[in-house]
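Dear colleague,

Please find below the structure that I am handing over to you.

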Amino acid sequence: MTLRFDMLGIVARDLPASLAFYRLLGLDIPASADDEPHVEITLPNGLRMAWDPVSTIQKFDESWVAPSGSPRTAFAFLCDSPAEVDETHARLVAAGAHSHLDPWDAFWGQRYATVHDPDGNGVDLFAPLDASGE
């Protein structure tokens, strides 16, 4: 048997807010999904992303409770250029996202920024500093 990473799932406190955030990142999520009990898309690289409201999770796992404290995972999105990191960060913050780390030039050679999605998950934006567009 060969295992392969296939899907990333997010438990959303407010499904429409979470989907709106990820739409701002450029994910193609239909507007009709806001009222669904489960939302799933396939990204261009074949990885699937899914969102479930808390109510859906608690239907099959009554013991589920939201985690507290700092997240131990982050979703990292590769941008085409350092300028796109800055632009995407600014667009998300203007729409109400919390900026955890403003864009900066990381010592490992990338332009990097971190925002939080509506559920507090870290969303990293990055691009190689030598990427085109600078």
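The notes below begin with the chain as a whole and then turn to some of its strands and loops.

Please bear in mind that this is a predicted model, in which local features need pLDDT of at least 70 and side-chain atom pairs count only at pLDDT 80 or more, while totals for chains, interfaces and linings use all residues. Residues are numbered from 1 along each chain as its sequence is written, and side-chain values use heavy atoms, with hydrogens and water left out.

The whole chain

The protein chain contains three helices and seven strands. Here helices (H or I, at least four residues) and strands (E, at least two) are DSSP runs, numbered from the N terminus. Starting at the N terminus, their order is β-α-β-β-α-β-α-β-β-β. The C-alpha trace spans about 50 × 40 × 30 Å along its principal axes.

Of the 134 residues in the protein chain, 36% are buried. Buried means under 20% relative accessible area, exposed means over 50%, and partly exposed lies in between (1.4 Å probe, protein chains only). Among the contacts (heavy atoms within 4.5 Å) with a separation of 6 or more, 53% are between residues 24 or more positions apart.

Strand β3 covers residues 48-53 and pairs with strand β2 in the antiparallel sense, through four bridges. Two strands count as paired if DSSP finds at least two bridges between them. Within this pairing, W51 of β3 is the bridge partner of V39, and A50 of β3 is the bridge partner of E40. The two strands form a hairpin with five residues between them, and G46 in the turn has a positive phi of about 95 degrees.

Why is β3 largely enclosed by the rest of the structure? Five of its six residues are buried, so the strand is largely enclosed.

Two loop residues

H38 lies in the loop between α1 (15-24) and β2. This residue is partly exposed, with a relative accessible area of 35%. Leaving aside residues up to four places away in sequence, H38 touches A50, W51 and D52. The side chain of H38 also makes a polar contact with the side chain of E40, at 2.9 Å. A polar contact is a pair of N or O atoms within 3.5 Å; within protein, one must be able to donate a hydrogen and the other to accept it, and residues adjacent in sequence count only if both atoms are side-chain atoms. From C-alpha to C-alpha, H38 and T2 are 27 Å apart in space, and they are 36 residues apart in sequence.

Is N121, by contrast, buried or exposed? N121 is buried, with a relative accessible area of 17%. This residue is found in the loop between β6 (110-116) and β7 (122-128). Leaving aside residues up to four places away in sequence, N121 touches I10, F75, V115 and H116.

Yours sincerely
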